Amino acid sequence: MDTDERTSALQAVLGCSKPSAAALAGAMVARNYPARTFIMHQGDRNSQLWLILSGTVQLQAVSIDGQATVISSFGPGELVGAFPDEDDIGYDARAFGPVAALQVEARDLRRLMDAHPDLGPGLAAIFSGQLDIVLDRLSARVTLSASGRVYRELLRLAGNSDNIAPPPVISALALTAQTTRETGSRAISALERRGIVERSEAQLAIRSRRLLEELVY
């Protein structure tokens, strides 16, 4: 991705002026991460911020006894890393599949925001949306059953569509829903038996969104 392409992408994501997007594009470096690559490790000192262009980055914290908990998953147009200052990272950030991103030093972004204030609203909107996602996931962890969290995650992945392509990997789906692979597998099998979803190698198709929504409890 050249500078002009980065400028166009940043202008679209942040809703800023072209000169501001161009200034930020000049400070960013394109990065590509293969699937399962760790972008950050829990406990590391980090001064970088990444804007995800494609793919999904999963944030996961590991407790002292080795228990892994997914905090959230972020995709295109979202941010991962340190901002506004260098900080100790309290989670692992790993590419769920292949990920393309733009990387910038947190201090460089702060400097650019001073010179180009119209970068601020777009960044604030992204961070605000991500906070909503994390709080929503926390609420689900407290209030929903394990199977309900799996079903809710299916609906989140589908968005406005009734098809998830490629189909979600059960172990990853279960981890994101903060339950075991066995529970996730049983939950999906129950949906298939009732004809609520159909799963193939190419996709998972939701045949009755209403029934699936009713199972989120």
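## Pockets and cavities in a predicted model

L10, L14, L24, M28, L49, L51, L79, V104, L109 and L123 line the second largest cavity. Among the elements, α1 (3–14) and β4 (48–54) each give two or more residues to this lining. By class, the lining has 10 nonpolar, no polar and no charged residues. The space inside is about 50 Å³.

This is a predicted model: local features need pLDDT of at least 70, side-chain atom pairs count only at pLDDT 80 or more, and totals for chains, interfaces and linings use all residues. Residues are numbered from 1 along each chain as its sequence is written, and side-chain values use heavy atoms, with hydrogens and water left out.

Some terms come next. On a 1 Å grid over the protein atoms alone, a cavity is a set of points where a 1.4 Å probe fits but cannot get out; a pocket is an open set with protein on both sides within 12 Å along at least five of seven lines; lining residues have an atom within 4 Å of a point. Points are joined across faces, edges and corners, and a volume is the space filled by probe spheres set on them. Helices (H or I, at least four residues) and strands (E, at least two) are DSSP runs, numbered from the N terminus. Nonpolar means Ala, Val, Leu, Ile, Met, Phe, Trp, Tyr, Cys and Pro; charged means Asp, Glu, Lys and Arg; the others, Gly among them, are polar.

The model has three cavities of 30 Å³ or more. The largest cavity has a volume of about 60 Å³. Its lining is R137, A140, R141, R149, R152, E153, T176, A177 and Q178. Five of these residues are charged, two are polar and two are nonpolar.

Two or more residues each come from β6 (68–74), β9 (92–95), α5 (146–158) and α6 (170–176). The largest share, five residues, is from α6. The lining holds 14 nonpolar, six polar and five charged residues.

The second largest pocket has a volume of about 180 Å³. Of its 13 lining residues, F74, L79, Y91, F127 and Q130 are the closest to its centre. α4 (119–143) gives the largest share, four residues. This lining has 11 nonpolar, two polar and no charged residues.
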